[in-house]
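Reader: Before setting up any calculation, I would like to go through this model with you, one question at a time.

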Amino acid sequence: MEEDDEYRRQARVVLVVVVVLASLAVASLLVAFSYYCYIRSKVSKRSNNNTRVDHEDEGDSGKLEVTTDKGLQVFAFKQLHSATGGFSKSNVVGHGGFGLVYRGVLNNGRKVAIKLMDQAGKQGEDEFKMEVELLGRLRSPYLLALLGYCSDNNRKLLVYDYMANGGLQEHLYPVNGSGLVAFKLDWETRLKIALEAAKGLEYLHEHCSPPVIHRDFKSSNILLDRNFHAKVSDFGLAKIGSEKAGGHVSTRVLGTQGYVSPEYALTGHLTTKSDVYSYGVVLLELLTGRVPVDMKRPPGEGVLVSWALPRLTDREKIVEIMDPALEGQYSMKEVIQVAAIAAMCVQPEADYRPLMADVVQSLVPLVKYNRSSASKIGSSPSFHAPKSPALQDPGKASE
């Protein structure tokens, strides 16, 4: 009897152990299955975020959803159609190489600028893809932010932050009936714009690897917010530059007359120094208030660079070329320094042009002065690039 009782006790113990182990195994399986479901759910959500918006009820554009792709919002055409009042002519705020630009308001109340591509064919497609690819990964307070895009069959649209004061060109050369209230840009504001635009190019050239060459830098592509802070825009013609120091990429000559550097126009060899030349032309616009090419002017004055360059290092001649709209309200020491920077940037030989980092370094103290009541700064610009033998030392020009 005692042996039977012992046997039963052992059997019960074994049974308990088996039940406990089986319970643990089932619990482990349940935990594993739950974890699998959780991971699968997360992956599914992430996948959905990288896909385009599904078709919603076309009769209710207010409920259209927006997904994201590479950090950019992907908009439905119906949404942007509604935001611009059906692409009303009254909401047109500009026309660039890409197409018409409309003012719009999203459902959340955010003001935006919407470009509607009007270029058919491969070039229009390429420009659209370049803007999306580049601005989807570039982040700088000195570049116009691309919020998102719409690619609906043949309809291509880009959605940007809205810049209340339009382009720099519109304020330098006001056009009646443009719909924009042009402001007379004082010297301090022009210096600030020059610096912030330079920082935009510096970011593209020095902080991107490989560097990005804008290829169409001009005053109409410098946009101004409500406080006249500048941002570089329009990257449809941008190219990825060479990773080799001093290297170039060969490409079709595209850009805007008067801003294209001589070596690029002649050879198709594109470098970051091509952008530096274009920047120098914009500096000349800020100084003189003249467009880059105006063949209605007297002989010898039609091309801004060739007319201004010989006068940029002579104190008396600099005064003659200054924009009359400034009414002489500027510091001559600052003007001489900015003129010297412009002269270096538009040198015919690319090697003589400075890096944009050097331009920024030279402009920073001037803009700091204009934001404070400190004494005037008369130091000369310092560039790492070699100087042209034909160019006077900036320090001598200020004597």
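Reader: In which loop is Pro-210 found?

Author: This is a predicted model, in which local features need pLDDT of at least 70, side-chain atom pairs count only at pLDDT 80 or more, and totals for chains, interfaces and linings use all residues. Residues are numbered from 1 along each chain as its sequence is written, and side-chain values use heavy atoms, with hydrogens and water left out. The peptide bond leading from Ser-209 into Pro-210 is cis, with omega near -5°. With helices (H or I, at least four residues) and strands (E, at least two) taken as DSSP runs numbered from the N terminus, Pro-210 is found in the loop between α5 (187-206) and β8 (212-213).

Reader: What pLDDT does the protein chain average?

Author: The pLDDT is the predictor's confidence in each residue, from 0 to 100, and over residues 369-399 it stays under 50. In the protein chain, 70% of the residues score at least 70, and the average pLDDT is 79.

Reader: Does Phe-228 count as buried or exposed?

Author: Phe-228 is a residue other than glycine with a positive phi, near 65°, and its place is in the loop between β9 (222-224) and β10 (230-232). Relative accessible area decides the class: under 20% is buried, over 50% exposed, and in between partly exposed (1.4 Å probe, protein chains only). Because its relative accessibility is 13%, Phe-228 counts as buried.

Reader: And does Glu-327 count as buried or exposed?

Author: Glu-327 has a positive phi of about 50° although it is not a glycine, and it is placed in the loop between α9 (315-321) and α10 (332-345). Its relative accessibility is 52%, so Glu-327 counts as exposed.

Reader: How are the rings of Phe-217 and Tyr-279 paired: stacked, edge-to-face or tilted?

Author: Rings of Phe, Tyr and Trp (its six-membered ring) pair if their centres lie within 6.5 Å, and planes under 30 degrees apart count as stacked, over 60 as edge-to-face and the rest as tilted. Phe-217 lies in the loop between β8 and β9 and Tyr-279 in helix α7 (residues 272-288), 62 residues apart, and both residues are buried. With 5.9 Å centre to centre and 40° between the planes, the pair is tilted.

Reader: Which ring does the charged end of Arg-155 sit over?

Author: A charge sits over a ring if NZ of Lys or CZ of Arg is within 6 Å of the ring centre and within 35 degrees of the ring normal. At 3.8 Å from the ring centre, the charged end of Arg-155 sits over Phe-77.

How values were computed
Contact means heavy atoms within 4.5 Å.
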